[in-house]
Amino acid sequence: MNREVSIRLFTEAQKYLPGGVNSPVRAFKAVGGTPPFIVGGEGARIYDADGNSYLDYVCSWGPLILGHAHPAVVEAVASQAKRGMSFGAPCPLEVELARRLVEALPGVEMVRLVNSGTEATMSAIRLARAYTRRFKILKFEGCYHGHADSFLIKAGSGALTLGVPTSPGVPPGTAADTLVARFNDLKMVREIFKEQGEEIAAVILEPIAGNMGVVPPQPGFLEGLRELCNTYGTLLIFDEVITGFRVAYGGAQTLYGVIPDLTCLGKIIGGGLPVGAFGGRKEIMEMVAPVGPVYQAGTLSGNPLAMAAGIATLEVLRQEETYPYLEKLGKMLEDGLREALEEAGVPGRINRVGSMLTLFFTPEEVKDYASAVKSDTSLFANFFHAMLEEGVYLPPSQFEAWFISLAHKEEDVAFTVEATRRVLRKLKAK
Ligand code: PMP
């Protein structure tokens with residue numbers, strides 16, 4: 001594939017933007033090479049500046065569950081744009097989106113709309129801290145909750161009681177208030193609670209991890225966390241920025257029947273425009289300003305264009321056939337990839353929930369961060385680039401979720417599986 005224009009653009013981009021990008025993974029650091037610069041998208045496909053076309057499994061990292069430029073979303077945004085793009089005053093569309101979120105999610109009685117997932121999680125923990133009058137939070141290794149200071153913490157080996165900042169610039173005091181446990185390890189969480197439970201304001205997690213690659217919760221894990229939180233008066237926060245309206249209309253909380261105290265949302269609820277939200281029990285949400293003392297605000301929050309895109313997206317998703325269709329395609333992709341791995345004799349594991357999936361190049365079960373990082377990342381990099389040459393655009397890192405949209409067709413999945421067969425055969429022969 002010719003990528004001359006993208007190469008030129010990437011060189012220029014690096015003059016003005018750190019790494020040539022506005023969000024790190026886009027720079028292809030994990031896999032090397034030059035990212036194609038995307039100029040358009042339609043349905044399940046994207047087009048780069050050199051005129052190449054790709055079947056897209058990134059889908060803007062999750063928001064585009066209807067595919068690119070869905071007519072209903074385009075129409076909603078265009079017609080709102082003609083009537084104004086931002087008012088900084090209440091508008092009917094934000095009430096409409098909020099109502100739909102409350103109706104969809106059992107854990108959400110009231111919601112505050114923000115502009116990104118990061119804002120949602122950051123505000124949710126502020127609220128949890130104010131509500132419980134405690135400062136510590138517990139997160140899980142490998143879970144990503146945006147780039148606010150409190151979340152950029154990874155467990156130092158065995159050092160469970162003291163957070164170690166992953167990013168420079170995070171004050172040690174902030175890091176110390178973030179405890180880190182192993183995903184799917186309820187025993188470890190119990191031990192942490194035994195020592196510090198009374199100080200923990202909130203447990204926050206992706207109920208299905210997507211940011212170490214897809215790692216589903218093992219049976220009993222979410223239920224166990226719910227119980228522990230009840231016992232210690234700690235709030236349970238589900239970060240459903242990815243899973244909300246992805247794995248079921250009512251998110252992972254509906255799929256697993258475990259109801260969090262607070263829920264963070266983003267991605268799909270903005271239909272491709274910048275949106276986030278946090279919501280939960282009314283009694284907690286009423287602590288948010290202006291009803292309560294917990295400050296939270298935003299010039300563009302509840303932006304009418306984003307609201308219009310979100311409402312149009314949810315309206316399509318509400319239809320009965322949505323999630324069965326996504327499950328059907330997801331299963332077809334999973335089965336096809338597994339066969340391709342077996343045929344080629346390449347060890348791999350596929351984790352999937354509905355239309356989110358990761359193929360890990362490891363023979364072992366992937367149930368947490370430690371088992372995920374055993375994957376062969378250099379094999380992944382080769383696989384990624386070979387798939388790109390085949391016209392399949394996968395997330396440019398082993399530790400990300402692939403997303404299927406309603407615009408993907410069975411033929412697209414069949415094409416992807418065939419491409420995987422060819423690529424794995426070639427890689428194996430090397
Ligand atoms: N939480 C989760 C689970 C996410 O996947 C992300 C982003 N990928 C965020 C929070 C942060 O969202 P944003 O990038 O919109 O700030």
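How many Å separate the centres of domain 1 and domain 2, taken over C-alpha atoms? I looked this up to start the notebook. The separation is 26 Å.

**Entry: ground rules.** I am working with a predicted model, where local features need pLDDT of at least 70, side-chain atom pairs count only at pLDDT 80 or more, and totals for chains, interfaces and linings use all residues. I number residues from 1 along each chain as its sequence is written.

**Entry: domains.** I noted the bounds: domain 1 is 4–69 + 322–429, and domain 2 is 71–317. These bounds come from an automatic or database domain assignment. The contact takes 27 residues from domain 1 and 30 residues from domain 2. Two residues are in contact here if their C-beta atoms, placed from the backbone, lie within 7 Å. On the domain 1 side, helix 11, strand 13, strand 14 and helix 12 (369–372) each supply at least two residues. Helices (H or I, at least four residues) and strands (E, at least two) are DSSP runs, numbered from the N terminus. Strand 14 gives the largest share of that side, 4 residues. I sorted the domain 1 side into 15 nonpolar, 8 polar and 4 charged residues. For that sorting, Ala, Val, Leu, Ile, Met, Phe, Trp, Tyr, Cys and Pro count as nonpolar, Asp, Glu, Lys and Arg as charged, and the others, Gly among them, as polar.

Entry: Two strands pair if DSSP finds at least two bridges between them. Strand 13 and strand 14 (residues 356–360) pair over 5 bridges. Within that pair, I found N351 opposite T358 of strand 14. Axes are lines fitted to C-alpha atoms, for helices over the stretch in contact, and angles run from 0 to 180 degrees between N-to-C directions.

Entry: What is the strand order in the open sheet of 7 strands? I read 4-12-11-10-9-5-8, with mixed pairing. Neighbouring strands are turned by 20° against each other on average, direction ignored. Strand 4 runs antiparallel to strand 12 (residues 276–280), joined by 5 bridges. There, V114 stands opposite G276. Helix 4 packs on this sheet and touches several strands, among them strand 4, strand 5 (136–140) and strand 12. The direction of helix 4 makes about 165° with that of strand 11 (262–266).

**Entry: helices 6 and 7.** Helix 7 lies across strand 9 and strand 10, running at about 145° to strand 10. I checked its packing on helix 6 as well. Helix 6 (residues 186–196) and helix 7 (residues 221–232) pack at about 10°, with axes 10 Å apart. That makes the two helices roughly parallel, a label for angles under 35 degrees. L186, V189, R190 and F193 of helix 6 meet F221, G224, L225, L228 and Y232 of helix 7. This contact divides into 7 nonpolar, 1 polar and 1 charged.

**Entry: the ligand shell.** Which residues come nearest the ligand? Of the 16 residues around the ligand, I list S116, G117, T118, G146 and V241 as nearest. A residue is near a molecule or strand if its C-beta atom, placed from the backbone, lies within 6 Å of it. Helix 4 (residues 117–132) gives the largest share of the shell, 3 residues. The shell divides into 4 nonpolar, 10 polar and 2 charged.

Entry: Most residues other than glycine have a negative phi, and most peptide bonds are trans. N184 is not a glycine, yet has a positive phi of about 70°. I placed N184 in the loop between strand 8 (178–181) and helix 6. The peptide bond from A289 to P290 is cis, with omega near 10°. P290 is in the loop between helix 9 (282–285) and helix 10 (304–317).

Conventions. Parallel < 35°, antiparallel > 145°, perpendicular 65-115°, else oblique.
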